Amino acid sequence: MVTIRDVAKKAGVSIGVVSKAFNNYPDVSEKTRKRIFDIARELNYSPNLVARNLSSKRQMTIGMITSGFFNSEGKDNSNSFDLFKGVYTAAEQIQYELAIFLTDSFKQKQKSYAQFCRERNIGGAVLQGIRIDDPYFRELLDTNIPCVLVDVITDNENDLIGNVSTNNIEASREITSHLLECNHRDIVIIAGKKEAVVNTERIAGVQLAFKTYGLELHEEDILHAHFSEEEAYEVTKKYLGGKQPTAFLCFSDLMALGVMKAVKEAGLKIPEDISVIGFDGLPISEYTLPPLTTVRQDFFEIGKQSALMLHQLMEKKSGEKSKYVRHKLIVRDSVKVLPK
């Protein structure tokens, strides 16, 4: 087995110089670095990445920590996979190693964020699925390990915390305005989890659109279904037992699927009797009957920008610590234009 000692001997340099070359130290000339890399390829030598990270002054591994992945429903896992692909693409671009970890609230109570990262020699992490009531959240505000939060905006002044997200307020204002422009006024909101930041932001967007039209959003018109298809089905079924709105505005495509099922079981047609609008842009939304009007989030780009921002924080470079990734309203056939 070829070792770093063999590479150093053939290159006529010390083991320390070879180590510095592989860890991108600036005091190794390009000529020497190239010779070392050429010899390493010739000898089929590959440095031990774990050992390299442990010995390097610079931590070259970023973490992707996802909370609640196994609690999600299979139809929306494409969002997480696209996010993973975006983070991975950026990690390859900046030549960092990527470690993906799936956690949940129970595991978070057992081990702190800082402890989690240090045990794995992670220099910083992208965190997805974290809620403001998660055990990690309060600790993150005082962390000394760089992190970028996906879909969580915080006004904390910690220079090591960044966030990347869809502009949830603007996106929900846009889909609500679409319903209002189609002359819908009796609208029921199928919201997610009360404690989720995205839920709060999307309600704020709905309120903005209502205010523009001189309308008021009433609490009884907001049904919380915890971003679950089954719960959305149940609350919609119960609601339709007594009332019939002209439209359901759902804070996820997954919940929209549950709503559509309940509407059809009630003997009503979409969009002839009731319109339905979603949020996320899941691939399945294109194939529902009728195809679902929704907001498409670019999860790949969210992941990529999160990793690039994390790299910037780890390298202590100046730059933005909060970023919105563009969304797009996809108008399909699930919304009817009502007469004025």
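Before anything else, I settled what I'd call a polar contact: a pair of N or O atoms within 3.5 Å, where one must be able to donate a hydrogen and the other to accept it. I also noted that this is a predicted model.

**Entry: Ser228**

With that cut-off in hand, I went to Ser228. A polar atom of its side chain lies 3.2 Å from the backbone nitrogen of Glu231, so the pair is within the 3.5 Å limit. The Ser228 side chain also reaches the backbone nitrogen of Glu230, at 3.3 Å. Where does Ser228 lie? I found Ser228 in the loop between strand 7 (222-224) and helix 11 (229-240). Ser228 counts as buried, because its relative accessibility is 13% and the cut-off for buried is under 20%.

**Entry: the overall count**

I stepped back to get my bearings. The protein has 13 helices and 12 strands. Of its 340 residues, 53% count as buried. I also looked at contacts between residues at least 6 apart in sequence: 70% of them join residues at least 24 apart.

**Entry: helix 1**

Which residues of helix 1 (residues 4-11) are buried? I got Val7, Ala8 and Ala11. They sit on the same side of helix 1, because they cover an arc of only 95° around the axis. A rule I keep handy is that an α-helix has 3.6 residues a turn, so residues three or four places apart point the same way. On the face turned away from the buried side I found the exposed residues Arg5 and Lys9. Helix 2 (15-22) and helix 3 (30-42) are among what covers the buried residues of helix 1. After helix 1 comes Gly12, and its phi is positive, near 75°.

**Entry: aromatic pairs**

How many aromatic pairs does the structure hold? I counted 2. Phe81 and Phe84 make an edge-to-face pair, with 6.4 Å from centre to centre and 65° between the planes. Both lie in helix 5 (residues 77-94), 3 residues apart, which is about one turn of the helix. Phe81 counts as partly exposed because its relative accessibility is 44%, whereas Phe84 counts as buried at 12%.

Tyr239 and Phe248 are also edge-to-face, because their planes are at 75°, with the ring centres 6.3 Å apart. I checked burial here too: Tyr239 and Phe248 are both buried.

**Entry: charges over rings**

I then looked for charged side chains sitting over rings. The charged end of Arg202 sits over the ring of Phe279, 3.8 Å from the ring centre. Lys261 lies over the face of Tyr233, at 4.6 Å from the ring centre.

**Entry: the cores**

Phe248 turned up again when I checked the nonpolar cores. The largest has 41 residues, and Ile189, Ile190 and Phe248 have the most contacts inside it. Elements that give two or more residues to this core include helix 9 (168-181), strand 6 (187-191), helix 10 (197-212) and strand 8 (247-250). Leaving aside residues up to four places away in sequence, Phe248 touches, among others, Val188, Ile190, Tyr239, Leu240, Val259, Val263 and Ile277.

Another core, of 22 residues, lies apart from the largest one, and Leu83, Phe84, Val148 and Val325 are among its members.

Technical notes:
Residues numbered from 1 in each chain as written. Predicted model: local features only at pLDDT ≥ 70, side-chain atom pairs only at ≥ 80, totals over all residues. Heavy atoms only, no water. Phe/Tyr/Trp six-rings, centres within 6.5 Å; stacked < 30°, edge-to-face > 60°. Helix = DSSP H or I, 4+ residues; strand = E, 2+ residues; numbered from the N terminus. Buried < 20%, exposed > 50% of the residue type's maximum accessible area, 1.4 Å probe, protein only. Lys NZ or Arg CZ within 6 Å of the ring centre and 35° of its normal. Core = buried A, V, L, I, M, F, W, Y, C linked by side-chain atoms within 4.5 Å. Contact = heavy atoms within 4.5 Å. Arc of directions from axis to C-beta.
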